[in-house]
Amino acid sequence: MASKQEWSASFASASTSAMGFYDEIMVPRLFEPWAELLLDQLKLESGHAVLDVACGPGTVTRQAALRVGPSGSVTGCDLSPAMLDLARSKISVGRGAPIEYLECPAGSLRVPDEAFDVVTCQQGLQFFPDRPAALDEMRRALRHGGQLGVAVWCAIADCPPFAALANALGRVFGAETAKAYEGGPWGFHDSVSLTRLVSDSGFTNVKVRSFELPITFEGGPAQLLLTLRASPVAMTIAELSEEDQLALATAVEEAARPITHDGIVRSHSTSLILTAQVDDE
Ligand SMILES: C[S@@+](CC[C@H](N)C(=O)[O-])C[C@H]1O[C@@H](n2cnc3c(N)ncnc32)[C@H](O)[C@@H]1O
């Protein structure tokens, strides 16, 4: 199963219905609150031009559009046509900047040089097959004095609902599957490597901090289990017999028991947020 390349490829070939699980379950509970926090670390001003790399269904993109207002502009880039379909299907942000969505990999952004005041990348960097190339592209897109904001999850143990899913996958499919699941979203959590990667691309004033936010799955372990439909393990799960599907659901229930109260999963997730800038001329 999935290495970071396979996760990236699975996003690229995902169906809109599979990414719909991401958009409906994960975006409001997990990614939207994190997008607010990421943007809070940056100094967005009215009229700014923002580029959101690996924009997915437009989570950070749309909040950035609201923050820079109608005189600003926002561009969202992603390699997944399904994610971009979901992003484009959303109504435009009232009193916000116009948004343009572009299909391209992070290592080859279809944007002009030095055209943006701010570049964001929320939970995308860990999937990129060539991270230095992606950082070089982000730097190329930024004006002098421009700001970068990047978020990557901390270790899966610091994101307990997903650690519970990995644990259940391990019990049903074996340790390799669990490891591959973790290795995608939670596979790049070392702040020293992150700092070095960004500094090596020529960014300055590089700062990394760890943050924690609460998360609730009010639909309980069954709702948590549904998040796997937007992961590369989805196909394998779909092929399971009814009996094995039940075994997986039971394994998720058991693994999530310490964070399940009155049928509701209440826990937290932890992420690194990096900020950096391109020097003024
Ligand atoms: C966990 S989602 C995050 C999406 C969005 N930033 C958010 O906060 O909802 C990861 C995103 O990275 C994108 N992605 C993965 N590999 C990529 C690559 N090589 N180039 C561009 N986007 C990529 C996926 O298509 C997916 O939309």
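**Exercise 1. How many residues of the lining of the largest pocket are nonpolar, how many polar and how many charged?**

Before the solution, a word on the model: it is predicted, so to speak of a local feature takes pLDDT of at least 70, side-chain atom pairs count only at pLDDT 80 or more, and totals for chains, interfaces and linings use all residues. Residues are numbered from 1 along each chain as its sequence is written, and side-chain values use heavy atoms, with hydrogens and water left out.

*Solution.* 

Step 1. Start with the terms. A pocket is an open set of points on a 1 Å grid over the protein atoms alone, where a 1.4 Å probe fits, with protein on both sides within 12 Å along at least five of seven lines; lining residues have an atom within 4 Å of a point.

Step 2. Get the volume, the space filled by probe spheres set on the points, which are joined across faces, edges and corners. For the largest pocket this is about 570 Å³.

Step 3. Find the lining. It has 39 residues, and Phe11, Tyr22, Gln123, Gly124 and Phe127 are the closest to the pocket centre.

Step 4. Sort by class: Ala, Val, Leu, Ile, Met, Phe, Trp, Tyr, Cys and Pro are nonpolar, Asp, Glu, Lys and Arg are charged, and the others, Gly among them, are polar. The lining then splits into 27 nonpolar, 9 polar and 3 charged residues.

Step 5. Assign elements, taken as DSSP runs numbered from the N terminus (helices are H or I with at least four residues, strands are E with at least two). Two or more lining residues come from each of helix H1 (4–12), helix H2 (16–40), strand E1 (49–53), helix H3 (59–68) and strand E2 (73–78). H2 gives the largest share, 4 residues.

**Exercise 2. Describe the second largest pocket, and say which strand gives the most to its lining.**

*Solution.* 

Step 1. The second largest pocket holds about 320 Å³ of space.

Step 2. Its lining has 14 residues, with Gln41, Lys43, Asn205, Lys207 and Thr275 nearest the centre. By class there are 5 nonpolar, 6 polar and 3 charged residues.

Step 3. Strand E5 (142–153), strand E6 (204–217) and strand E8 (264–277) each bring at least two lining residues. E6 gives the most, with 5 residues.

Step 4. Take another look at Asn205, which sits in strand E6. Its phi is near 50°, a positive value in a residue other than glycine. Most residues other than glycine have a negative phi. Ala54, in the loop between E1 and H3, also has a positive phi, near 60°.

**Exercise 3. At what angle does H2 pack against H4, and which residues meet?**

*Solution.* 

Step 1. Axes are lines fitted to C-alpha atoms, for helices over the stretch in contact, and angles run from 0 to 180 degrees between N-to-C directions. H2 and helix H4 (residues 81–89) pack at about 60°, with axes 9 Å apart.

Step 2. That angle makes H2 oblique to H4 (under 35 degrees is roughly parallel, over 145 roughly antiparallel, 65 to 115 roughly perpendicular, and the rest oblique).

Step 3. The crossing of H2 and H4 is right-handed, meaning that the near helix is turned clockwise from the far one by less than a right angle.

Step 4. Contact means heavy atoms within 4.5 Å. Thr16, Met19, Gly20, Tyr22 and Asp23 of H2 meet Ala82, Met83, Asp85 and Leu86 of H4. The classes here are 5 nonpolar, 2 polar and 2 charged.
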